[in-house]
Amino acid sequence: MISKTMQDALNAQINLEQASAQLYLAMSAHCTGKSFKGFAHWLTVQASEETAHAAKLIAFLLDRGGKLELKTIAPPPTEFGGVIQVFEQTLAHEKTITGRISALFEQARNEKDYASEIALQWYVTEQVEEEAHVGEIVDHLRAVGDQGGGIWYLDSRMGKRGTV
Ligand code: OFO
């Protein structure tokens, strides 16, 4: 049986993963509004990944006999600036999530909750991948700038991201 403190922490993380999905859907709509359909597609796929991250945590919580407590999700912004800023905000968001995952992992370790620690290892690894991937996109965007043909080339590449 999972502890109440770990149950609360996992529920908070489930809420955060779902808030991430909402944020990326809002960013995707913002990019569509600027005719960057490739960046919009990438962000929609990212939103689906976040929903999958939440679902994986929910399954774990329930397997441990925990209680799911869904919470209200605060609405995300509707304006994000240019595409470079969109991805800079994405990177900043992912860094925040990494910090939360690290705190959760530490909590599991302090509580000697080995099952949670092992389950959270997947998220630790996933965050390394998320930050590396988004960081690369930010680097490419900064290199081409948000004017001219380079950004449209990147847009077409981003549109090729496979679905989850
Ligand atoms: Fe769930 O990894 Fe992004 O936020």
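**A walk around helix α5 and beyond**

Mentor: Happy to. Bear in mind that this is a predicted model.

Trainee: Which residues of α5 are buried, then?

Mentor: Buried means under 20% relative accessible area. In α5, the residues that count as buried are Ile151, Leu154, Asp155 and Met158.

Trainee: How wide an arc do those buried residues cover around the axis of α5?

Mentor: The residues in question are Ile151, Leu154, Asp155 and Met158. They sit on the same side of α5, because around the axis they cover an arc of only 105°.

Trainee: Which helices do the buried residues of α5 pack against?

Mentor: Look at the side of α5 that holds Ile151, Leu154, Asp155 and Met158. The buried residues of α5 pack against α2 (37–63), α3 (83–110) and α4.

Trainee: Let us take α4 and α5 as a pair. Are they roughly parallel or antiparallel to each other?

Mentor: Helix α4 covers residues 114–144 and helix α5 residues 149–158, and their axes are 9 Å apart. They pack at an angle of about 155°. Angles over 145 degrees count as roughly antiparallel, so α4 and α5 are roughly antiparallel.

Trainee: And is the crossing of α4 and α5 left-handed or right-handed?

Mentor: From the α4 side, Ile137, His140, Leu141 and Val144 take part, and they meet Gly150, Ile151, Leu154, Arg157 and Met158 of α5. By class, this contact has six nonpolar, two polar and one charged residues. As for its handedness, the crossing of α4 and α5 is right-handed.

Trainee: Moving to helix α1, is His30 buried or exposed?

Mentor: His30 is found in α1, which spans residues 4–33. Leaving aside residues up to four places away in sequence, His30 touches Thr78, Glu79, Phe80, Gly81 and Val86. Its relative accessible area is 9%, so His30 is buried.

Trainee: What about Ser35: where is it found?

Mentor: Ser35 has a phi near 65°, a positive value in a residue other than glycine. At 47% relative accessibility, Ser35 is partly exposed. Its place is the loop between α1 and α2.

Trainee: Lys112 has a positive phi too. What is its relative accessible area?

Mentor: Lys112 lies in the loop between α3 and α4. Its phi is about 55°, although Lys112 is not a glycine. Lys112 is exposed, with a relative accessible area of 58%.

Notes: Residues are numbered from 1 along each chain as its sequence is written. This is a predicted model: local features need pLDDT of at least 70, side-chain atom pairs count only at pLDDT 80 or more; totals for chains, interfaces and linings use all residues. Side-chain values use heavy atoms; hydrogens and water are left out. Axes are lines fitted to C-alpha atoms, for helices over the stretch in contact, and angles run from 0 to 180 degrees between N-to-C directions. Helices (H or I, at least four residues) and strands (E, at least two) are DSSP runs, numbered from the N terminus. Angles under 35 degrees count as roughly parallel, over 145 as roughly antiparallel, 65 to 115 as roughly perpendicular and the rest as oblique. A crossing is left-handed if the near helix is turned anticlockwise from the far one by less than a right angle, and right-handed if clockwise. Contact means heavy atoms within 4.5 Å. Ala, Val, Leu, Ile, Met, Phe, Trp, Tyr, Cys and Pro count as nonpolar, Asp, Glu, Lys and Arg as charged, and the others, Gly among them, as polar. Buried means under 20% relative accessible area, exposed over 50%, partly exposed in between (1.4 Å probe, protein chains only). The arc is that of the directions from the helix axis to the C-beta atoms.
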